[in-house]
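Colleague: Hi! Could you walk me through this model before I set anything up?

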Amino acid sequence: MDDSQYVECGIHGRRVATYVCQHIVQTLRDGQPRGFWSAEAEAGELYPDSWCSECEAMLQEAGEWNDETEAKAGVTLICSACYE
Ligand SMILES: [Zn+2]
Ligand SMILES: [Zn+2]
């Protein structure tokens, strides 16, 4: 599968993008730990999608990622260098 998405980062320029929940984005900004969960990395996938403990709890309840859980988590694309 070669559908890597790219994002234009203000700091790093054009980079591979990864999906994270809005709380992870907040954590990156303020350094407050909110838990960190990742999807199983598929072969060759360097940056699996990640989300926080709160979203993990929501996911357990919902059973899977769908439009509703993704909307609640506020899933966004971020640059892989920022993610690291
Ligand atoms: Zn979250
Ligand atoms: Zn970046």
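Modeller: Happy to. One term to start with: a residue is called buried under 20% relative accessible area, exposed over 50%, and partly exposed in between. Also keep in mind that this is a predicted model.

Colleague: Good to know. By that rule, is Arg14 buried or exposed?

Modeller: Arg14 has a relative accessible area of 57%, and the cut-off is over 50%, so Arg14 is exposed.

Colleague: Where does Arg14 sit, and what does Arg14 touch?

Modeller: Arg14 belongs to strand E2. Leaving aside residues up to four places away in sequence, Arg14 touches Tyr6, Val7 and Glu8. The charge of Arg14 lies over the face of Tyr6, 4.5 Å from the ring centre.

Colleague: How far is Arg14 from Cys79, in sequence and in space?

Modeller: They are 65 residues apart in sequence, and 8.1 Å apart in space, C-alpha to C-alpha.

Colleague: Let's do the metals. Which residues hold the zinc ion (ligand 2)?

Modeller: The protein donors are Cys9 (SG), His12 (ND1), Cys79 (SG) and Cys82 (SG), at 1.9 to 2.4 Å from the zinc ion (ligand 2). Along the chain these donors follow the spacing C-x2-H-x66-C-x2-C. Cys9 in strand E1 (residues 6-9) and Cys79 in strand E5 (residues 76-79) link distant parts of the chain, 70 residues apart.

Colleague: And are Cys9 and Cys79 buried or exposed?

Modeller: Cys9 is buried, and Cys79 is buried too.

Colleague: What geometry does the zinc ion (ligand 2) have?

Modeller: Tetrahedral, with angles of 104 to 112° among the four donor atoms. For reference, the ideal angle for four tetrahedral donors is 109.5 degrees.

Colleague: OK, now the zinc ion (ligand 1). Which donors does that one have, and with what spacing?

Modeller: Its protein donors are Cys21 (SG), His23 (ND1), Cys52 (SG) and Cys55 (SG), lying 1.9 to 2.3 Å from the zinc ion (ligand 1). The spacing reads C-x1-H-x28-C-x2-C along the chain. The site of the zinc ion (ligand 1) is tetrahedral, with 106 to 115° among its four donor atoms.

Colleague: Why do Cys52 and Cys55 count as buried?

Modeller: It comes down to the cut-off of under 20%. Cys52 has a relative accessible area of 1%, so Cys52 is buried. Cys55 has 2% relative accessibility, so Cys55 counts as buried as well.

Colleague: His23 was one of those donors. What about the helix around it?

Modeller: His23 is in helix H1 (residues 22-30), where His23, Ile24 and Val25 are buried. The cover over the buried residues of H1 includes strand E2 (13-20), E4, H2, H3 and E5. After H1 comes Gly31, which has a positive phi, near 75°.

Colleague: Switching to aromatics: how many aromatic pairs are there?

Modeller: The count comes to three aromatic pairs. In one of them, the rings of Tyr47 and Tyr83 have their centres 5.9 Å apart and their planes at 90°, so that pair is edge-to-face. Tyr47 lies in the loop between strand E3 (37-38) and strand E4 (50-51) and Tyr83 in helix H4 (residues 80-83), so the pair ties together parts that are 36 residues apart in sequence. Tyr47 is buried, as is Tyr83.

Colleague: And Trp51 with Trp65, what kind of pair is that?

Modeller: Trp51 and Trp65 are edge-to-face too, at 5.2 Å centre to centre with 75° between the planes. Trp51 is in strand E4 and Trp65 in the loop between helix H2 (53-62) and helix H3 (67-73), 14 residues apart. Trp51 is buried, at 9% relative accessible area, whereas Trp65, at 26%, counts as partly exposed.

Colleague: Which residues do ring pairs link into a cluster?

Modeller: Phe36, Tyr47 and Tyr83.

Colleague: Last topic, the overall fold. How many helices and strands?

Modeller: Four helices and five strands, in the order β-β-α-β-β-α-α-β-α along the sequence.

Colleague: What about overall size and packing?

Modeller: A compact globule of 84 residues would have a radius of gyration near 12 Å, and the protein has 13 Å, which agrees. Its C-alpha atoms fill a box of roughly 35 × 35 × 20 Å along the principal axes. Buried residues make up 31% of the 84 residues. Of the contacts with a separation of 6 or more, 55% are between residues 24 or more positions apart.

Colleague: Great, thanks!

Key
Residues are numbered from 1 along each chain as its sequence is written. Chains are lettered from A and ligands numbered from 1 in the order in which they are written. This is a predicted model: local features need pLDDT of at least 70, side-chain atom pairs count only at pLDDT 80 or more; totals for chains, interfaces and linings use all residues. Side-chain values use heavy atoms; hydrogens and water are left out. Donors are N, O and S atoms within 2.8 Å of the metal (3.2 Å for Na, K and Ca); water is not among the atoms, so sites may look incomplete. Four donors count as tetrahedral if all angles lie between 85 and 135 degrees; four count as square planar and six as octahedral if opposite donors are over 155 degrees apart and all others between 65 and 115; anything else is irregular. Helices (H or I, at least four residues) and strands (E, at least two) are DSSP runs, numbered from the N terminus. Buried means under 20% relative accessible area, exposed over 50%, partly exposed in between (1.4 Å probe, protein chains only). Rings of Phe, Tyr and Trp (its six-membered ring) pair if their centres lie within 6.5 Å; planes under 30 degrees apart count as stacked, over 60 as edge-to-face and the rest as tilted. A charge sits over a ring if NZ of Lys or CZ of Arg is within 6 Å of the ring centre and within 35 degrees of the ring normal. The radius of gyration is taken over C-alpha atoms; the globule rule is 2.2 Å times the number of residues to the power 0.38. Contact means heavy atoms within 4.5 Å.
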